[in-house]
Amino acid sequence: MRRVVGVFVMVGLLAVQGACAPARETPSGEPRAAQAGSGQAPAGQTAASQPTGKLTVGLSSLGTAEAWLPWLEAGREGWLVLDPIYESVVAPNVQTGEIEPQLAERWEVDETGKHWRFFLRRGIPFQDGHGELTAEDVKYSYEMYISDRSVASNKATLQTLVEQAEVVSPYEIVFHLKHPDVTFLGRLTPGNFGVVSKQYVESVGEREAATKPIGTGPYKLIEHKRQQSATFEAVAPHWRETPRIKTLVLRRVPDQAARLAMLRAGEIDITEIPFKLKREAEASGLQFLRVEGAAIYHVQLGGQILPTRDTFDANVPWVGTPGDAASQERALKVRRALNLAVDKQAIINSVFEGEGVPGVAPYYLPGSEFMPSGLQPYPYDPQEAKRLLAEAGYPQGFSREIEMQLMPWPGRAEMVDVGEAVAGFWERNLGLKVKRTPIDFATWVPNVGVPRKNAWVTWAHGYIPRPVSEPLIGMETWLTSQSRYNTVAETPEIDALAMKIRADLDRAKRVQDYRELAQMIYSQYYTVPVAAVPTIYAYNPKAIAAWPLQPGESYIGGYERAVPARQ
Amino acid sequence: MVRFLLSRLAQAIVTLWMVVTVVFFLARLTGDPVALLAGEHATAEYEVELRARFGLDKPLWQQYVIYLGQVARGDFGTSIVSGEPALAQVMERWPATLEIGLVGIIITLVLALPIGVYAAAHRGSPLDYLARGFAVFGQAIPGFWVGLIFILVFAVDLRLLPAGGRGGPQHIILPALTTGWFAVAGIMRLTRSSMLEVLGSEYVKLARAKGLPMHVVVWKHAFRNAAIPVLTFSALVVVSLFLTGSIVAETVFSYPGVGSLLIDAVRKRDFPQLQAAVLFLSALYVLVNLGVDLLYGYLDPRVRS
């Protein structure tokens with residue numbers, strides 16, 4: 001009977017296919033400040049703790065190109081495989097998310113904020129005896145990232161930010177920016193930037209280097225079966241952290257239900273599971289690792305665009321006429337009503353199986369230092385919502401239909417369910433007419449202006465924060481009138497604050513600016529925040545004893561930190 | 001016979017051209033591959049650069065003409081996602097699909113034909129009822145569900161076979177069973193009904209009246225005539241094992257074949273890869289059909305004349 005129920009759960013899930021520790025910034029970001037470091041590469045673990053055993057991780061993808069040079073992988077998934085091989089100039093602390101040195105021992109930024117100087121550690125070896133890391137390798141890696149061959153997602157950003165990379169000495173490199181930008185440091189973290197050996201790539205060629213990669217990371221690739229698996233061996237001792245597990249296998253299993261079955265069968269040791277499979281996994285005796293704050297969901301209210309855009313429509317109930325205080329007040333009441341009509345906890349319970357907490361403001365992790373203290377999620381009050389809507393002049397709802405675009409992004413399939421749930425609450429509690437329009441990302445992007453063109457369009461967004469100390473790095477794609485996909489509201493005030501944050505080198509002031517921004521978005525009810533949810537990994541407790549994972553990071557990594565169940 | 005062959009060949013070329021055209025235009029209606037490749041943080045300028053790199057900035061008709069010219073020269077383009085030649089990736093993955101397909105075909109024929117014949121020859125028997133029941137359920141139950149059931153039973157509960165991936169012979173069994181499931185049900189059902197029709201014919205009655213053993217009547221006299229419609233259906237089903245069946249089985253069992261390559265190409269809007277994979281599988285389908293037509297001629301002299 002249990003098996004039958006489980007089978008039907010899996011069938012239903014197949015039909016559906018596709019908290020938080022805030023990131024804190026190291027004080028090193030201040031002008032002329034320097035991050036303390038030893039100057040020499042740490043010794044890593046001693047020979048007494050040699051890595052043993054094998055860890056098999058089930059992944060939905062091994063990347064796009066499966067070509068193991070950082071600039072040849074387009075998506076974030078490729079870094080699941082690149083992560084063990086390569087390291088970055090700086091990296092977030094695994095507990096706090098605060099950026100700290102990795103290949104660099106310290107850094108400085110001048111008072112203009114345009115010149116970032118990195119002092120590299122000495123004695124960091126590339127794998128297989130391919131020499132020592134120097135500034136030339138960092139510069140070369142940067143140049144490859146912005147080369148014509150590059151499809152890295154960081155390419156456009158680096159091209160926009162960086163004027164030039166200058167090698168000052170073998171262990172010193174300066175990046176000269178086109179304009180001050182505090183987000184630059186976050187561009188040099190794992191997932192965004194990996195350092196390769198210039199000598200190796202130039203000597204064997206890019207093609208060879210992509211199939212037999214050499215980095216400074218704690219694992220070396222020893223076998224790759226295309227579209228199947230990648231097998232690594234621990235580098236022991238490693239200069240930073242010698243892995244505890246000798247053999248790492250990353251196995252590609254695209255189907256979620258199949259991954260869980262393989263975990264139960266003992267063919268893999270850990271995998272991310274969707275919320276809907278949580279109970280099945282629990283019943284099988286598997287244990288869970290949770291990474292809090294891995295995704296933040298909210299619903300965008302379309303049409304909140306600059307009045308100067310030719311598609312601006314003041315008749316949208318939640319937008320209002322610029323300069324007309326009464327109209328703006330009515331619009332605010334409508335936005336409040338749209339929020340109070342939604343039971344966030346019910347959505348968390350049904351869509352996310354009770355995992356997560358109600359959202360407060362889009363792109364902000366609840367409880368984050370960047371949020372003002374005391375901000376609480378909007379309450380669920382359908383009576384008040386109905387009253388507000390009537391007060392705003394819509395006692396029977398809107399005359400027009402709202403379009404809710406149900407768009408599942410890879411890794412955020414729940415966006416569809418969130419959108420569906422919010423639409424349902426609006427219909428039930430406010431009597432609104434909501435039309436659901438399924439659409440996928442590749443179809444939506446060419447019409448990225450649609451939410452701006454069609455003011456009556458809304459859609460649920462599942463934002464994945466990056467584990468860096470600067471939230472603006474993730475926000476910038478979604479927040480301002482210059483963003484590709486604004487999902488909040490286009491206002492001169494938000495634009496001005498975002499620009500101010502970007503240019504201000506004083507972290508304390510930036511934190512205040514972030515709080516002001518959060519307060520502004522919150523008090524104006526620009527969006528419908530829904531939930532901040534974790535990523536859940538199910539694992540076999542006979543294989544894994546512990547594994548500290550990066551808060552806010554929705555992709556597994558840091559394989560060197562995994563602790564086997566039997567040492 | 002030569003005329004027949006040439007005519008079939010010309011039809012095959014026209015068919016393939018139509019497939020190429022339909023896939024080319026349909027794929028481009030589904031979305032923007034550059035958006036997926038560039039990622040959400042890409043600038044508009046970077047996307048323009050990527051479009052130019054992949055030739056996607058040209059007018060659609062121009063892309064089509066260029067593509068036809070490339071195909072005529074044997075160049076099936078380069079994967080937008082991997083940067084590798086599209087056809088080379090198909091050929092790299094083809095052995096995996098072939099493994100599952102061939103074993104699936106063997107399982108299908110070994111199970112479906114004898115059971116279908118036996119059920120017809122012993123109409124009304126318990127096995128006949130069992131076979132008919134299986135035929136109905138087998139065609140009604142989706143392949144991916146069957147695959148997951150197999151995983152649960154044989155991999156998770158019994159730990160007899162692996163849950164997925166490609167490796168030794170044991171990795172082929174469950175995907176092949178999943179692929180052949182639908183085919184077994186369909187061919188068995190058709191074999192049974194075809195045999196029932198033939199077994200009721202006059203010449204079979206005569207053969208029985210002459211005192212020939214039942215197995216001779218069934219296999220030597222009846223089955224050959226009953227096999228003609230079964231052959232047509234089997235050929236199409238067999239190819240479908242490589243087309244739709246492989247897609248399902250390869251996805252559920254993480255088997256790195258052409259089917260899963262096709263799914264990936266669709267998801268990522270990798271047009272060259274999608275076109276190469278579809279063209280390859282379509283050519284296979286056309287080839288098998290051609291073979292069936294020739295076999296028809298051998299089995300049925302009326303077709304030859």
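Axes are lines fitted to C-alpha atoms, for helices over the stretch in contact, and the angles between N-to-C directions run from 0 to 180 degrees. Helices (H or I, at least four residues) and strands (E, at least two) are DSSP runs, numbered from the N terminus. The structure is a predicted model, in which local features need pLDDT of at least 70 and side-chain atom pairs count only at pLDDT 80 or more, while totals for chains, interfaces and linings use all residues. Residues are numbered from 1 along each chain as its sequence is written, and chains are lettered from A and ligands numbered from 1 in the order in which they are written.

We begin with two helix pairs in chain A. The axes of helix H10 (residues 344-351) and helix H12 (residues 414-430) of chain A come within 11 Å, and they cross at roughly 140°. That angle makes H10(A) oblique to H12(A); angles under 35 degrees count as roughly parallel, over 145 as roughly antiparallel, 65 to 115 as roughly perpendicular and the rest as oblique. H10(A) passes H12(A) in a right-handed crossing. A crossing is right-handed if the near helix is turned clockwise from the far one by less than a right angle, and left-handed if anticlockwise.

Two residues are in contact if their C-beta atoms, placed from the backbone, lie within 7 Å. On the H10(A) side, A:Ile347, A:Ser350 and A:Val351 meet A:Glu414, A:Asp417, A:Val418 and A:Ala421 of H12(A). This contact of H10(A) with H12(A) divides into four nonpolar residues, one polar and two charged. Here Ala, Val, Leu, Ile, Met, Phe, Trp, Tyr, Cys and Pro count as nonpolar, Asp, Glu, Lys and Arg as charged, and the others, Gly among them, as polar.

The second pair consists of helix H16 (residues 492-503) and helix H17 (residues 507-524) of chain A, which pack at an angle of about 160° with their axes 9 Å apart. This angle makes H16(A) roughly antiparallel to H17(A). The crossing of H16(A) past H17(A) is left-handed. From H16(A), A:Glu493, A:Ile494, A:Leu497, A:Lys500 and A:Ile501 meet A:Arg510, A:Asp513, A:Tyr514, A:Glu516, A:Leu517 and A:Met520 of H17(A). By class, the contact of H16(A) with H17(A) has six nonpolar, no polar and five charged residues.

Some individual residues of chain A also deserve attention. A:Glu470 lies in the loop between strand S16 (457-463) and helix H15 (472-475) of chain A. A:Glu470 is buried, because 26 other C-beta atoms lie within 10 Å. A residue is buried if 20 or more other C-beta atoms lie within 10 Å of its own, exposed if 12 or fewer, and partly exposed in between, with C-beta atoms placed from the backbone. The C-alpha atoms of A:Glu470 and A:Leu185 are separated by 8.8 Å, although these residues are 285 residues apart along the chain.

Most residues other than glycine have a negative phi, and most peptide bonds are trans. A:Asp128, which is not a glycine, has a positive phi of about 60°. A:Asp128 is found in the loop between strand S5 (115-120) and helix H3 (135-145) of chain A, and it counts as exposed because it has 12 C-beta neighbours inside 10 Å. The peptide bond from A:Ala236 to A:Pro237 is cis, with omega near 0°.

We now turn to chain B. Chain B has 13 helices and zero strands. Its C-alpha trace spans about 85 × 55 × 30 Å along its principal axes. Of the 305 residues of chain B, 43% count as buried.

Chain B is divided into domain 1 (2-72) and domain 2 (87-304), with bounds that come from an automatic or database domain assignment. The C-alpha centres of domain 1 and domain 2 of chain B lie 32 Å apart. Their contact takes 15 residues from domain 1 of chain B and 13 residues from domain 2 of chain B. The largest share of the domain 1 side, ten residues, comes from H1(B).

In chain B, B:Arg159 has a phi near 55°, a positive value in a residue other than glycine. B:Arg159 is found in the loop between helix H7 (143-157) and helix H8 (170-199) of chain B.

Finally, the contact between the chains takes 38 residues from chain A and 37 residues from chain B. The chain A side of this contact divides into 19 nonpolar, nine polar and ten charged residues.
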